[in-house]
Amino acid sequence: MPYTTTKPNGHRIHYFDSKDSQSDQAPNGLPIILIHGLGSSQNYYLPVLPTLQSSHRCIALDTYGAARSQSNGEPLSLQGLSDDVIGLMDVLGIEKAVVAGHSMGGTMVCMLAAAHPDRVKGVVCIGPVCPKFVKPEFFTTRIETVMKDGMEPLANTIPTSATSKNSTALQRSLIRELIMNQNPASYASHCQAIVDAKDPDYESIKAPVLILAGEEDKSAPLEGCQFIHDHLGSERKELKILDGVGHWHCVEDGERVGREIVEFCGGL
């Protein structure tokens, strides 16, 4: 799993590229860039990779300030973080790709599609955060908590509170590990980036879009997903609800998420 430094931000990014581990027979499908959400990492997508990489080249990155892409806790913006994705595509020689993002990453892929339509073939939003519906106090409280007590208080609560009633102990343990692997100051900078974010220009997005919403998702509820869907400028747009799933879609039902993405990409 290599590092690269992106332009123009100069951010050092850790990423996984399935091309590095596949046989000489490369998949023929479109490349898929996978962007995780708040308090997570590229490993969030491990449950969907077996389904995706048989037909697509998959690149999953640790967003700057998360996991192995360490930052200095400096102020960040979702637009700046999304620019890193274009920088990574440039490094890897990927002209056009499907971009998939979870939660905060769902906002980022919409920003990408709006700002760089020539680089985006399709968009998959998995439980996307809709800035219009963000309650700032929800994230400012998290900032205060992690800066005072570190990541453990959130790691002790989020794996249960943000998943469905059917989530398993193994699933919750993975989510806990993802959260514990965050630097508190960098996590706080991501929280502030969400608070400061404005709605992407949804109407300017013309690429096909698939939105996957968890039936029991309290962090990115259906109201926000429906708002995004209704304001997209795409001719082809679809909102699907995943039964019995909370906010950690790929962990809670990775096989179905993988199938939905493959089906969506097959029609591009």
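**Ser234**

I started with Ser234, which sits in the loop between α9 and β8 (237-242). The model is predicted. Is Ser234 buried or exposed? I read 6% relative accessibility, so Ser234 counts as buried. The cut-off for buried is under 20%.

Next I looked for a polar partner of the Ser234 side chain. The backbone oxygen of Ala207 is 2.6 Å from a polar atom of that side chain. I then listed the contacts of Ser234, setting aside neighbours within four places in sequence. Ala207 is on that list too, along with Ile205, Lys206 and Val209.

**His190**

I moved to helix α8, residues 184-196, where His190 lies. The relative accessibility of His190 is 2%, so I noted His190 as buried.

Which backbone oxygen lies 2.8 Å from a polar atom of the His190 side chain? I found that the oxygen belongs to Tyr64. I also looked up what His190 touches, not counting residues up to four places away in sequence. Thr63, Tyr64, Gly65 and Ala66 are among the residues it touches. Leu38, Leu76, Leu81 and Met104 are also in contact with His190.

**Aromatic pairs**

How many aromatic pairs does the structure hold? I noted five. One of them joins Tyr44 and Tyr45, edge-to-face. Their ring centres are 5.0 Å apart, and the planes make an angle of 80 degrees. I checked burial for each ring. Tyr44 has a relative accessible area of 0%, so I put Tyr44 down as buried. Tyr45 is buried as well, at 0% relative accessibility.

I then turned to Tyr202 and Phe227, which also form an edge-to-face pair. Here I read 6.4 Å centre to centre and 80 degrees between the planes. Tyr202 is in the loop between α8 and β7 (209-214), while Phe227 is in helix α9 (residues 222-231). The two residues are 25 apart in sequence, so the pair ties together separate parts of the chain. Tyr202 and Phe227 are both buried.

Which residue forms one aromatic cluster with Tyr44 and Tyr45? I found Trp248.

**A charge over a ring**

Where does Arg12 lie relative to Tyr3? I found Arg12 over the face of Tyr3, 3.7 Å from the ring centre.

Methods: Residues are numbered from 1 along each chain as its sequence is written. This is a predicted model: local features need pLDDT of at least 70, side-chain atom pairs count only at pLDDT 80 or more; totals for chains, interfaces and linings use all residues. Side-chain values use heavy atoms; hydrogens and water are left out. Helices (H or I, at least four residues) and strands (E, at least two) are DSSP runs, numbered from the N terminus. Buried means under 20% relative accessible area, exposed over 50%, partly exposed in between (1.4 Å probe, protein chains only). A polar contact is a pair of N or O atoms within 3.5 Å; within protein, one must be able to donate a hydrogen and the other to accept it, and residues adjacent in sequence count only if both atoms are side-chain atoms. Contact means heavy atoms within 4.5 Å. Rings of Phe, Tyr and Trp (its six-membered ring) pair if their centres lie within 6.5 Å; planes under 30 degrees apart count as stacked, over 60 as edge-to-face and the rest as tilted. A charge sits over a ring if NZ of Lys or CZ of Arg is within 6 Å of the ring centre and within 35 degrees of the ring normal.
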